[in-house]
Amino acid sequence: MGVALHQPETVEDAVRLAGQEVDARFLAGGQTLVAMMNSELIEPAALISLDRIASLKGIRINGDGSVHIGAMTRHAQIAESKDLTGVHAIVRDAAQVIAHPAIRNLGTIGGAVSHGDPNADFPAALVAADATFQVRGGDGEREIAASAFFQDYLTTDLKDGELVTGVTLPKSPDSGRGHYEKFARADGDYATVSVAVALAMTAADKVDWIRIVVGACGPAPVRVAEAEDALAGGDLDAAAVAQAADKIAAACDPLDDVRGSTDYRRLLVPRLIAKAVAATRTRTGD
Amino acid sequence: MATAQLVDLTINGEEHEVRADGATTLLDVLRDQLQLNGAKRGCNQGVCGACNILLDGQAVRACLVVAGTAEGREITTIEGLERDGELSPVQQAFLDTGAVQCGFCMPGMVISAEALVQANATAGVEEIREAISGNLCRCSGYVKVIDAVRSVTGG
(Lines give C-alpha, C1' and ligand atoms only; values in the text may rest on other atoms or scores of the structure.)
Protein backbone atom coordinates (compact mmCIF):
# COMPACT_ATOMS: atom_id res chain seq x y z
CA MET A 1 0.00 0.00 0.00
CA GLY A 2 0.93 3.62 -0.03
CA VAL A 3 -0.23 6.86 -1.48
CA ALA A 4 0.40 7.46 -5.19
CA LEU A 5 1.73 10.89 -6.14
CA HIS A 6 0.95 12.40 -9.53
CA GLN A 7 2.47 15.69 -10.68
CA PRO A 8 0.70 16.72 -13.88
CA GLU A 9 1.73 19.86 -15.76
CA THR A 10 -1.67 20.82 -17.14
CA VAL A 11 -5.13 21.28 -15.66
CA GLU A 12 -6.49 18.84 -18.27
CA ASP A 13 -4.16 16.10 -17.04
CA ALA A 14 -4.98 16.86 -13.39
CA VAL A 15 -8.72 16.54 -14.03
CA ARG A 16 -8.24 13.41 -16.14
CA LEU A 17 -6.18 11.78 -13.35
CA ALA A 18 -8.86 12.66 -10.82
CA GLY A 19 -11.35 10.82 -13.00
CA GLN A 20 -9.15 7.71 -13.19
CA GLU A 21 -7.92 7.38 -9.62
CA VAL A 22 -10.11 6.09 -6.83
CA ASP A 23 -10.13 8.24 -3.71
CA ALA A 24 -7.67 10.84 -5.01
CA ARG A 25 -7.19 14.32 -3.63
CA PHE A 26 -5.83 17.39 -5.35
CA LEU A 27 -2.77 18.66 -3.49
CA ALA A 28 -2.35 22.43 -3.59
CA GLY A 29 -0.02 24.02 -1.02
CA GLY A 30 -0.57 21.14 1.39
CA GLN A 31 -0.67 23.30 4.50
CA THR A 32 -3.97 21.77 5.61
CA LEU A 33 -4.16 18.59 3.53
CA VAL A 34 -0.76 17.22 4.59
CA ALA A 35 -1.46 18.09 8.24
CA MET A 36 -4.73 16.13 7.96
CA MET A 37 -2.87 13.18 6.42
CA ASN A 38 -0.19 13.33 9.14
CA SER A 39 -2.90 13.04 11.78
CA GLU A 40 -4.74 10.34 9.79
CA LEU A 41 -7.91 12.39 9.54
CA ILE A 42 -7.88 11.55 5.86
CA GLU A 43 -6.11 8.70 4.07
CA PRO A 44 -6.36 9.27 0.32
CA ALA A 45 -5.12 6.59 -2.08
CA ALA A 46 -3.55 9.15 -4.40
CA LEU A 47 -2.50 12.79 -4.48
CA ILE A 48 -2.59 14.91 -7.61
CA SER A 49 -0.16 17.76 -7.00
CA LEU A 50 -0.98 21.00 -8.82
CA ASP A 51 2.41 22.54 -8.11
CA ARG A 52 3.82 21.95 -11.62
CA ILE A 53 0.89 23.55 -13.42
CA ALA A 54 2.35 26.94 -14.33
CA SER A 55 -0.96 28.31 -15.63
CA LEU A 56 -2.42 28.18 -12.11
CA LYS A 57 0.13 30.57 -10.62
CA GLY A 58 0.21 34.34 -10.39
CA ILE A 59 -1.90 37.49 -10.27
CA ARG A 60 -2.88 39.48 -13.37
CA ILE A 61 -5.03 42.51 -14.07
CA ASN A 62 -7.43 41.89 -16.94
CA GLY A 63 -8.24 44.46 -19.63
CA ASP A 64 -11.59 45.24 -17.97
CA GLY A 65 -9.95 46.06 -14.64
CA SER A 66 -10.90 42.78 -13.00
CA VAL A 67 -8.12 40.87 -11.25
CA HIS A 68 -7.39 37.18 -11.73
CA ILE A 69 -5.60 35.23 -9.01
CA GLY A 70 -4.45 31.76 -10.06
CA ALA A 71 -5.49 28.99 -7.68
CA MET A 72 -1.87 28.04 -6.91
CA THR A 73 -0.83 31.57 -5.97
CA ARG A 74 0.73 31.50 -2.50
CA HIS A 75 -0.64 33.55 0.39
CA ALA A 76 2.74 35.30 0.68
CA GLN A 77 2.52 36.53 -2.91
CA ILE A 78 -1.03 37.80 -2.43
CA ALA A 79 -0.02 39.47 0.85
CA GLU A 80 2.64 41.49 -0.98
CA SER A 81 0.78 42.17 -4.22
CA LYS A 82 0.67 45.76 -5.40
CA ASP A 83 -2.03 44.78 -7.90
CA LEU A 84 -4.63 44.43 -5.14
CA THR A 85 -5.88 47.96 -4.54
CA GLY A 86 -9.22 49.61 -3.76
CA VAL A 87 -11.80 46.97 -2.88
CA HIS A 88 -9.24 44.26 -3.72
CA ALA A 89 -7.12 45.31 -0.74
CA ILE A 90 -9.42 43.14 1.42
CA VAL A 91 -7.93 40.05 -0.16
CA ARG A 92 -4.39 41.27 0.44
CA ASP A 93 -5.29 42.14 4.06
CA ALA A 94 -6.68 38.65 4.61
CA ALA A 95 -3.62 36.95 3.10
CA GLN A 96 -1.35 38.90 5.45
CA VAL A 97 -2.99 37.48 8.56
CA ILE A 98 -3.29 33.82 7.59
CA ALA A 99 -1.28 31.73 10.04
CA HIS A 100 2.50 32.37 9.97
CA PRO A 101 5.18 33.21 7.38
CA ALA A 102 6.23 29.61 6.69
CA ILE A 103 2.60 28.59 6.13
CA ARG A 104 1.98 31.60 3.87
CA ASN A 105 5.01 30.65 1.77
CA LEU A 106 3.29 27.44 0.62
CA GLY A 107 -0.44 27.82 1.30
CA THR A 108 -2.53 28.74 -1.76
CA ILE A 109 -5.77 30.61 -2.31
CA GLY A 110 -7.24 27.73 -4.32
CA GLY A 111 -6.49 25.23 -1.60
CA ALA A 112 -7.77 27.51 1.12
CA VAL A 113 -11.14 28.12 -0.52
CA SER A 114 -11.56 24.48 -1.57
CA HIS A 115 -11.13 23.39 2.06
CA GLY A 116 -14.25 25.44 2.86
CA ASP A 117 -13.39 26.32 6.43
CA PRO A 118 -15.64 29.21 7.50
CA ASN A 119 -13.14 30.08 10.24
CA ALA A 120 -10.41 30.75 7.70
CA ASP A 121 -9.64 34.25 6.44
CA PHE A 122 -10.27 34.08 2.70
CA PRO A 123 -13.96 33.08 2.65
CA ALA A 124 -15.35 36.28 4.23
CA ALA A 125 -12.83 38.46 2.36
CA LEU A 126 -13.67 36.92 -1.02
CA VAL A 127 -17.43 37.19 -0.49
CA ALA A 128 -16.96 40.86 0.41
CA ALA A 129 -14.81 41.34 -2.70
CA ASP A 130 -17.65 39.79 -4.77
CA ALA A 131 -15.23 37.19 -6.11
CA THR A 132 -16.05 34.50 -8.65
CA PHE A 133 -14.30 31.13 -8.69
CA GLN A 134 -13.36 29.29 -11.88
CA VAL A 135 -13.89 25.57 -11.51
CA ARG A 136 -12.79 22.76 -13.83
CA GLY A 137 -14.02 19.19 -13.77
CA GLY A 138 -14.70 16.23 -16.00
CA ASP A 139 -17.70 18.04 -17.47
CA GLY A 140 -15.77 21.17 -18.36
CA GLU A 141 -15.46 24.59 -16.85
CA ARG A 142 -17.94 26.62 -14.81
CA GLU A 143 -17.95 29.73 -12.69
CA ILE A 144 -19.49 30.17 -9.28
CA ALA A 145 -19.87 33.21 -7.06
CA ALA A 146 -18.02 33.07 -3.75
CA SER A 147 -21.32 33.84 -2.02
CA ALA A 148 -22.78 30.56 -3.37
CA PHE A 149 -19.59 28.50 -3.07
CA PHE A 150 -19.27 28.31 0.71
CA GLN A 151 -22.16 26.16 1.89
CA ASP A 152 -21.41 24.60 5.25
CA TYR A 153 -18.53 23.61 7.52
CA LEU A 154 -15.85 22.15 5.21
CA THR A 155 -18.48 21.91 2.50
CA THR A 156 -18.38 23.82 -0.77
CA ASP A 157 -20.19 23.68 -4.08
CA LEU A 158 -17.30 21.61 -5.56
CA LYS A 159 -18.33 18.23 -6.95
CA ASP A 160 -16.15 15.13 -6.94
CA GLY A 161 -13.22 15.58 -9.29
CA GLU A 162 -13.68 19.32 -9.62
CA LEU A 163 -10.86 21.76 -9.09
CA VAL A 164 -10.77 25.50 -8.40
CA THR A 165 -8.45 26.96 -11.05
CA GLY A 166 -8.71 30.64 -10.24
CA VAL A 167 -10.38 33.53 -8.46
CA THR A 168 -11.62 36.63 -10.25
CA LEU A 169 -12.28 39.92 -8.46
CA PRO A 170 -14.51 42.37 -10.38
CA LYS A 171 -13.08 45.79 -11.17
CA SER A 172 -12.89 48.04 -8.14
CA PRO A 173 -14.64 51.40 -8.69
CA ASP A 174 -12.44 54.49 -8.34
CA SER A 175 -13.96 55.27 -4.95
CA GLY A 176 -13.88 51.61 -3.92
CA ARG A 177 -11.98 50.47 -0.87
CA GLY A 178 -11.89 47.47 1.37
CA HIS A 179 -10.64 46.30 4.72
CA TYR A 180 -10.36 42.98 6.54
CA GLU A 181 -10.51 43.09 10.32
CA LYS A 182 -9.50 39.98 12.23
CA PHE A 183 -9.90 39.42 15.93
CA ALA A 184 -7.87 36.42 17.13
CA ARG A 185 -6.61 35.27 20.50
CA ALA A 186 -3.03 35.25 19.28
CA ASP A 187 -1.16 36.20 16.13
CA GLY A 188 -1.53 33.47 13.55
CA ASP A 189 -4.52 31.77 15.15
CA TYR A 190 -7.86 31.34 13.41
CA ALA A 191 -10.21 34.27 13.91
CA THR A 192 -12.60 34.39 16.83
CA VAL A 193 -14.55 36.79 14.63
CA SER A 194 -13.53 38.47 11.40
CA VAL A 195 -15.23 41.21 9.36
CA ALA A 196 -14.61 42.06 5.72
CA VAL A 197 -15.97 45.35 4.37
CA ALA A 198 -16.07 46.70 0.82
CA LEU A 199 -17.68 49.98 -0.13
CA ALA A 200 -17.88 52.65 -2.81
CA MET A 201 -18.90 56.27 -2.37
CA THR A 202 -20.91 58.53 -4.72
CA ALA A 203 -19.63 61.83 -6.11
CA ALA A 204 -21.56 63.52 -3.27
CA ASP A 205 -19.60 61.38 -0.77
CA LYS A 206 -22.55 59.22 0.23
CA VAL A 207 -22.47 55.45 0.38
CA ASP A 208 -23.03 54.11 -3.13
CA TRP A 209 -22.97 50.51 -1.93
CA ILE A 210 -21.44 48.57 0.93
CA ARG A 211 -20.84 44.88 1.59
CA ILE A 212 -20.27 43.68 5.15
CA VAL A 213 -19.34 40.02 5.62
CA VAL A 214 -18.70 38.27 8.93
CA GLY A 215 -16.39 35.25 9.16
CA ALA A 216 -15.96 32.57 11.83
CA CYS A 217 -19.55 33.04 12.98
CA GLY A 218 -21.44 30.19 11.38
CA PRO A 219 -21.21 27.48 8.71
CA ALA A 220 -20.54 30.03 5.96
CA PRO A 221 -19.68 33.73 5.68
CA VAL A 222 -22.60 35.85 6.96
CA ARG A 223 -24.01 38.68 4.86
CA VAL A 224 -27.34 40.51 5.36
CA ALA A 225 -28.46 42.41 2.25
CA GLU A 226 -31.16 44.32 4.14
CA ALA A 227 -28.60 45.75 6.58
CA GLU A 228 -26.33 46.82 3.72
CA ASP A 229 -29.18 48.41 1.76
CA ALA A 230 -30.15 50.49 4.79
CA LEU A 231 -26.69 52.10 4.76
CA ALA A 232 -26.76 53.03 1.04
CA GLY A 233 -27.16 56.75 0.42
CA GLY A 234 -26.05 57.61 3.96
CA ASP A 235 -22.92 58.89 5.67
CA LEU A 236 -22.09 55.79 7.73
CA ASP A 237 -22.85 57.66 10.95
CA ALA A 238 -22.33 55.64 14.10
CA ALA A 239 -26.03 55.10 14.83
CA ALA A 240 -26.78 53.78 11.35
CA VAL A 241 -23.78 51.47 11.39
CA ALA A 242 -24.73 50.19 14.84
CA GLN A 243 -28.25 49.41 13.65
CA ALA A 244 -26.92 47.52 10.63
CA ALA A 245 -24.36 45.71 12.79
CA ASP A 246 -27.06 44.50 15.18
CA LYS A 247 -29.04 43.04 12.27
CA ILE A 248 -25.96 41.24 10.99
CA ALA A 249 -25.08 39.96 14.47
CA ALA A 250 -28.58 38.53 14.77
CA ALA A 251 -27.98 36.51 11.61
CA CYS A 252 -24.73 35.02 12.95
CA ASP A 253 -24.70 31.48 14.32
CA PRO A 254 -21.30 31.20 16.00
CA LEU A 255 -19.85 28.07 17.53
CA ASP A 256 -19.12 27.74 21.22
CA ASP A 257 -15.48 26.68 21.20
CA VAL A 258 -11.97 27.34 22.47
CA ARG A 259 -11.73 30.58 20.47
CA GLY A 260 -14.78 32.10 22.14
CA SER A 261 -18.24 31.27 23.43
CA THR A 262 -21.28 31.85 21.26
CA ASP A 263 -22.36 34.76 23.44
CA TYR A 264 -18.92 36.35 23.39
CA ARG A 265 -18.74 36.17 19.62
CA ARG A 266 -22.22 37.71 19.31
CA LEU A 267 -21.00 40.61 21.48
CA LEU A 268 -17.88 41.00 19.38
CA VAL A 269 -19.61 41.10 15.99
CA PRO A 270 -21.22 44.58 16.15
CA ARG A 271 -18.12 46.11 17.71
CA LEU A 272 -15.85 44.62 15.08
CA ILE A 273 -18.22 45.71 12.31
CA ALA A 274 -18.13 49.31 13.59
CA LYS A 275 -14.34 49.18 13.71
CA ALA A 276 -14.03 47.62 10.25
CA VAL A 277 -16.48 50.05 8.62
CA ALA A 278 -14.65 53.04 10.11
CA ALA A 279 -11.29 51.67 8.95
CA THR A 280 -12.66 51.11 5.44
CA ARG A 281 -14.23 54.57 5.28
CA THR A 282 -10.99 56.32 6.13
CA ARG A 283 -8.61 54.04 4.23
CA THR A 284 -6.41 55.84 1.75
CA GLY A 285 -3.19 55.17 -0.06
CA ASP A 286 -4.16 51.96 -1.79
CA MET B 1 0.86 -1.79 -6.34
CA ALA B 2 3.91 -0.30 -4.74
CA THR B 3 3.54 3.45 -4.82
CA ALA B 4 6.89 4.54 -3.37
CA GLN B 5 9.08 6.13 -6.00
CA LEU B 6 12.72 7.12 -6.17
CA VAL B 7 12.96 10.84 -5.64
CA ASP B 8 16.07 12.98 -6.28
CA LEU B 9 16.45 15.72 -3.71
CA THR B 10 19.10 18.44 -3.42
CA ILE B 11 19.75 18.93 0.28
CA ASN B 12 22.45 21.25 1.58
CA GLY B 13 24.03 21.21 -1.87
CA GLU B 14 24.24 17.41 -2.12
CA GLU B 15 22.16 15.09 -4.26
CA HIS B 16 20.23 12.38 -2.42
CA GLU B 17 18.09 9.62 -3.85
CA VAL B 18 15.33 8.65 -1.44
CA ARG B 19 12.22 6.48 -1.52
CA ALA B 20 8.97 8.32 -1.00
CA ASP B 21 5.26 7.94 -1.70
CA GLY B 22 2.58 10.63 -1.56
CA ALA B 23 2.37 10.43 2.21
CA THR B 24 6.12 10.82 2.77
CA THR B 25 6.99 14.31 3.92
CA LEU B 26 10.31 16.05 3.62
CA LEU B 27 10.61 15.76 7.39
CA ASP B 28 10.20 11.97 7.15
CA VAL B 29 12.97 11.85 4.56
CA LEU B 30 15.32 14.11 6.48
CA ARG B 31 14.98 12.39 9.82
CA ASP B 32 14.15 8.78 8.98
CA GLN B 33 16.18 8.18 5.81
CA LEU B 34 19.03 10.67 5.88
CA GLN B 35 19.55 11.04 9.63
CA LEU B 36 19.50 14.80 9.29
CA ASN B 37 17.89 15.19 12.70
CA GLY B 38 18.27 18.94 13.10
CA ALA B 39 14.72 19.64 11.96
CA LYS B 40 12.54 18.44 14.83
CA ARG B 41 9.24 16.59 14.68
CA GLY B 42 7.29 18.61 17.22
CA CYS B 43 3.61 18.65 16.29
CA ASN B 44 3.76 17.20 12.74
CA GLN B 45 0.85 19.58 12.06
CA GLY B 46 2.58 22.75 10.92
CA VAL B 47 1.87 24.55 14.18
CA CYS B 48 5.13 24.52 16.13
CA GLY B 49 7.74 25.52 13.53
CA ALA B 50 10.41 23.18 14.92
CA CYS B 51 10.78 21.45 11.53
CA ASN B 52 11.31 24.63 9.50
CA ILE B 53 13.71 24.31 6.59
CA LEU B 54 14.54 26.53 3.64
CA LEU B 55 12.96 25.59 0.31
CA ASP B 56 14.49 27.72 -2.45
CA GLY B 57 15.48 30.15 0.30
CA GLN B 58 12.03 30.44 1.87
CA ALA B 59 11.15 29.11 5.32
CA VAL B 60 8.62 26.27 5.11
CA ARG B 61 7.41 23.46 7.34
CA ALA B 62 9.21 20.24 6.39
CA CYS B 63 6.32 18.28 7.92
CA LEU B 64 3.88 19.81 5.42
CA VAL B 65 5.84 19.30 2.20
CA VAL B 66 5.26 16.08 0.26
CA ALA B 67 8.81 14.95 -0.51
CA GLY B 68 8.18 14.13 -4.16
CA THR B 69 7.06 17.71 -4.87
CA ALA B 70 10.47 19.05 -3.78
CA GLU B 71 12.41 17.49 -6.67
CA GLY B 72 14.48 20.10 -8.44
CA ARG B 73 14.29 22.53 -5.57
CA GLU B 74 17.04 23.64 -3.24
CA ILE B 75 16.54 22.33 0.29
CA THR B 76 18.60 23.74 3.16
CA THR B 77 18.39 22.39 6.69
CA ILE B 78 19.98 23.65 9.87
CA GLU B 79 22.89 21.27 9.13
CA GLY B 80 23.58 23.18 5.91
CA LEU B 81 23.95 26.68 7.30
CA GLU B 82 27.59 26.55 8.35
CA ARG B 83 30.28 27.33 5.79
CA ASP B 84 33.81 25.90 5.99
CA GLY B 85 33.29 24.91 9.59
CA GLU B 86 32.07 28.37 10.59
CA LEU B 87 28.58 28.95 11.94
CA SER B 88 26.43 31.35 9.93
CA PRO B 89 26.23 34.88 11.37
CA VAL B 90 22.71 34.12 12.60
CA GLN B 91 23.79 30.90 14.32
CA GLN B 92 26.77 32.66 15.91
CA ALA B 93 24.50 35.48 17.12
CA PHE B 94 22.13 33.00 18.79
CA LEU B 95 25.13 31.48 20.57
CA ASP B 96 26.67 34.81 21.58
CA THR B 97 23.37 36.22 22.83
CA GLY B 98 22.50 33.14 24.88
CA ALA B 99 19.25 32.74 22.96
CA VAL B 100 19.18 28.97 23.40
CA GLN B 101 17.43 27.39 26.39
CA CYS B 102 16.32 23.76 26.02
CA GLY B 103 17.11 24.01 22.32
CA PHE B 104 14.26 22.01 20.80
CA CYS B 105 12.78 24.93 18.89
CA MET B 106 16.14 26.35 17.87
CA PRO B 107 16.67 24.74 14.44
CA GLY B 108 13.31 26.08 13.29
CA MET B 109 13.87 29.43 14.96
CA VAL B 110 17.29 29.84 13.32
CA ILE B 111 15.87 28.88 9.91
CA SER B 112 13.13 31.52 10.25
CA ALA B 113 15.77 34.08 11.19
CA GLU B 114 18.00 33.04 8.27
CA ALA B 115 15.11 33.44 5.82
CA LEU B 116 14.41 36.89 7.23
CA VAL B 117 18.02 38.05 7.13
CA GLN B 118 18.46 36.79 3.56
CA ALA B 119 15.34 38.68 2.45
CA ASN B 120 15.82 41.77 4.60
CA ALA B 121 19.33 42.31 5.97
CA THR B 122 18.27 45.35 8.02
CA ALA B 123 15.05 43.96 9.53
CA GLY B 124 13.71 45.79 12.57
CA VAL B 125 12.09 44.44 15.72
CA GLU B 126 8.58 44.21 14.28
CA GLU B 127 9.80 42.33 11.23
CA ILE B 128 11.81 39.99 13.43
CA ARG B 129 8.81 39.33 15.64
CA GLU B 130 6.70 38.57 12.58
CA ALA B 131 9.38 36.28 11.12
CA ILE B 132 9.53 34.10 14.23
CA SER B 133 5.80 34.35 15.00
CA GLY B 134 5.30 30.80 13.77
CA ASN B 135 7.98 29.30 16.01
CA LEU B 136 6.82 28.14 19.41
CA CYS B 137 9.38 28.20 22.23
CA ARG B 138 7.93 26.54 25.29
CA CYS B 139 10.76 27.88 27.42
CA SER B 140 9.15 31.19 26.31
CA GLY B 141 12.59 32.53 25.52
CA TYR B 142 11.62 34.89 22.73
CA VAL B 143 13.32 38.07 23.95
CA LYS B 144 16.87 36.84 23.52
CA VAL B 145 16.01 35.35 20.14
CA ILE B 146 14.88 38.80 19.01
CA ASP B 147 18.04 40.31 20.52
CA ALA B 148 20.15 37.77 18.63
CA VAL B 149 18.56 38.59 15.27
CA ARG B 150 18.77 42.33 15.98
CA SER B 151 22.49 41.97 16.56
CA VAL B 152 22.77 40.70 12.97
CA THR B 153 20.40 43.16 11.29
CA GLY B 154 21.16 46.21 13.40
CA GLY B 155 17.37 46.60 13.69
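Contact here means heavy atoms within 4.5 Å. In this predicted model, 27 residues of chain B are in contact with 27 residues of chain A. Local features need pLDDT of at least 70, side-chain atom pairs count only at pLDDT 80 or more, and totals for chains, interfaces and linings use all residues. Residues are numbered from 1 along each chain as its sequence is written, and side-chain values use heavy atoms, with hydrogens and water left out.

The two chains, B and A, bury about 2100 Å² between them, and 52% of this lies on carbon and sulfur atoms; buried area is the accessible area (1.4 Å probe) that two parts lose on being put together, summed over both. Three salt bridges are counted between chain B and chain A, a salt bridge being a side-chain nitrogen of Lys or Arg within 4 Å of a carboxyl oxygen of Asp or Glu. Asp51(A) forms a salt bridge with Arg73(B), with the closest N and O atoms 3.8 Å apart. On the side of chain B that touches chain A, strand S3 (52-55), S4 and H4 of chain B give two or more residues; S4(B) gives the most, with four residues. Helices (H or I, at least four residues) and strands (E, at least two) are DSSP runs, numbered from the N terminus.

By class, this side of chain B has nine nonpolar, 13 polar and five charged residues. Ala, Val, Leu, Ile, Met, Phe, Trp, Tyr, Cys and Pro count as nonpolar, Asp, Glu, Lys and Arg as charged, and the others, Gly among them, as polar.

Technical notes: Chains lettered and ligands numbered in written order.
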